[in-house]
Amino acid sequence: MTQPAPTSPAQTAPTQAAAQGLPRTLTRELPRHEGQTVRLQGFLHARRDLGGVQFLVLRDVSGLAQCVGSGLDLPLAESSVEVEGTVKAHPKAPGGFEVQVTALRVISAATTAPPVEIPKMDWHVNPETMLDYRVVTVRGLKERAALKVQAELVAAFRDHLNTEGFTEISTPKIVSAGAEGGANLFPIEYFGQQAFLAQSPQLYKQIMVGVFERVFEVAAVYRAEEHATSRHLNEYLSLDVELGFIQDEEDVMALENRLLGAIMVRLRERCSAEFTLLGAHIPDVPAHIPRITLMDARRLVSEKYGHAVGGKDLDPEAERLLSQHYAETEGSDFVFVTKYPRAARPFYTHADHNEDGSLNPDLTRGFDLLFRGIEITSGGQRIHDHAMLMDSITSYKLNPASLEGYTEVFKYGMPPHGGFAIGAERLTAKLLGISNVRYARAFPRDRHRLTP
């Protein structure tokens, strides 16, 4: 595969390559051009000058190419360059081929050396420095690989939901109230009124179930949480799903099960090189992801591992141990934790039913999905009955007036519905074994970072 030559004035200056009409060749295409003259364009990834013989490694969107020439005037690393030369097999070159350079043109010269040597970058060394200079360090091969995997993950998310009859929606990110009771919101000034950045599209996607029945959104959400950990971001990409006319939360979990299976199929097809580069493997998604109730999960972790779980939920160590248990006993990297107590779920979560069919006010049909020791999904069935919803709002001590734009729709026949949200960065990080979720976003926003 080749791409047409660029058309900008800077890139169409007369060169021997241009005169010959050579199309741009990508580095991954070198094997099929052995013995031929090619034209490469990319960034000067690395350079060495050995007494008149110059070695340069060119990086483009598809990978690396070793280029060798003599009498070349090499610019600084990260300069944009064009190389013309003949492709030759070489066992020690990236991909087994190199380019013997006959012409080098600097398209755009770097004016200063990069603050970090990109070929030598390591996520475990000086992480703050790498983030401070993210405009450059994001060019690294591992950084790029993580973002490529995430892009394919999001594309697979969209594609599969489209096959299941979902419609993509876009909801406001400037809101008058929070989706979860007003906590963890970023306030903003909006023409003399107080508004907030949306912490979730939850309320809007429920409303849109009344329009399309099955909806999803891919968009940033904002959480004003004080965390400064390796697993939290204050702005992240949320993959949200909501569907109507369900029986209960099992329908929602079954959908997510199918969705994750489809995502992993696409990653195997399109991102094998990225997983190999990062030493990671793509998990198998069971046909039926194991389930365990929250109370049973807490009991299991306590009895099997001696870990006492505090609070209303599972703490990070409990999540890790529970995932370890299912990996060892069932070979599953995934586990659904179900039947969360009401106190641990938002006001719109539907109550569970007792065996006799009556409502259990203490338990909900909410669930989390754990993957390799961390929660990547929160979801469940929502309240669809207007009276029940208003009672819930009151019991949570929320202001009904502030939620009137949301609750109004439940007067008009909303069907039983539910959904979930996946944190794209968390899922990406766990898939690739990235220890800090900030490296799974191009320009992360955390407790202490507003730039770059």
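Two strands count as paired if DSSP finds at least two bridges between them. Helices (H or I, at least four residues) and strands (E, at least two) are DSSP runs, numbered from the N terminus. The views below come from a predicted model, in which local features need pLDDT of at least 70 and side-chain atom pairs count only at pLDDT 80 or more, while totals for chains, interfaces and linings use all residues. Residues are numbered from 1 along each chain as its sequence is written, and side-chain values use heavy atoms, with hydrogens and water left out.

**View 1. Strand S3 and its partners S4 and S6.** Let us start with strand S3, residues 37-50, which is joined to S6 by seven bridges in an antiparallel run. Look for Phe43, whose bridge partner in S6 is Ser80. S3 also pairs with strand S4 (residues 53-60), again in the antiparallel sense and over seven bridges. Here Arg47 stands opposite Leu56 of S4. S3 and S4 form a hairpin with two residues between them, and Gly51 in the turn has a positive phi of about 60°.

**View 2. An open sheet of three strands.** The strands follow the order S9-S11-S10, with antiparallel pairing. Strand S9 (174-175) and strand S10 (186-190) are at the edges with a single partner strand each, so one side of each has no neighbour in the sheet. Two bridges link S9 to strand S11, residues 193-197. As background, strands of a sheet pair through backbone hydrogen bonds, either parallel or antiparallel.

**View 3. Helix H4 meets helix H12.** The axes of H4 (residues 141-163) and H12 (residues 424-432) come within 10 Å and cross at roughly 120°. Axes are lines fitted to C-alpha atoms, for helices over the stretch in contact, and angles run from 0 to 180 degrees between N-to-C directions. H4 and H12 are therefore oblique to each other; angles under 35 degrees count as roughly parallel, over 145 as roughly antiparallel, 65 to 115 as roughly perpendicular and the rest as oblique. Ala146, Val149, Gln150 and Leu153 of H4 meet residues of H12, among them Ala424, Leu427 and Leu431, where contact means heavy atoms within 4.5 Å.

**View 4. Helix H8 meets helix H9.** The axes of H8 (residues 294-305) and H9 (residues 316-330) come within 10 Å and cross at roughly 80°. That makes H8 roughly perpendicular to H9. On the H8 side, the contact includes Leu300, Val301 and Tyr305, and on the H9 side it includes Leu321, Leu322 and His325.

View 5. Most residues other than glycine have a negative phi, and most peptide bonds are trans. Glu78, in the loop between strand S5 (63-70) and strand S6 (80-89), is not a glycine, yet its phi is positive, near 80°. With 8% relative accessibility, Glu78 counts as buried. Phe245 also has a positive phi, of about 60°, although it is not a glycine. Phe245 is found in the loop between strand S13 (235-244) and helix H6 (249-270), and at 56% relative accessibility it counts as exposed. Buried means under 20% relative accessible area, exposed over 50%, and partly exposed in between (1.4 Å probe, protein chains only). Finally, Thr451 and Pro452 are joined by a cis peptide bond, with omega about -10°. Pro452 lies in the segment after H12.
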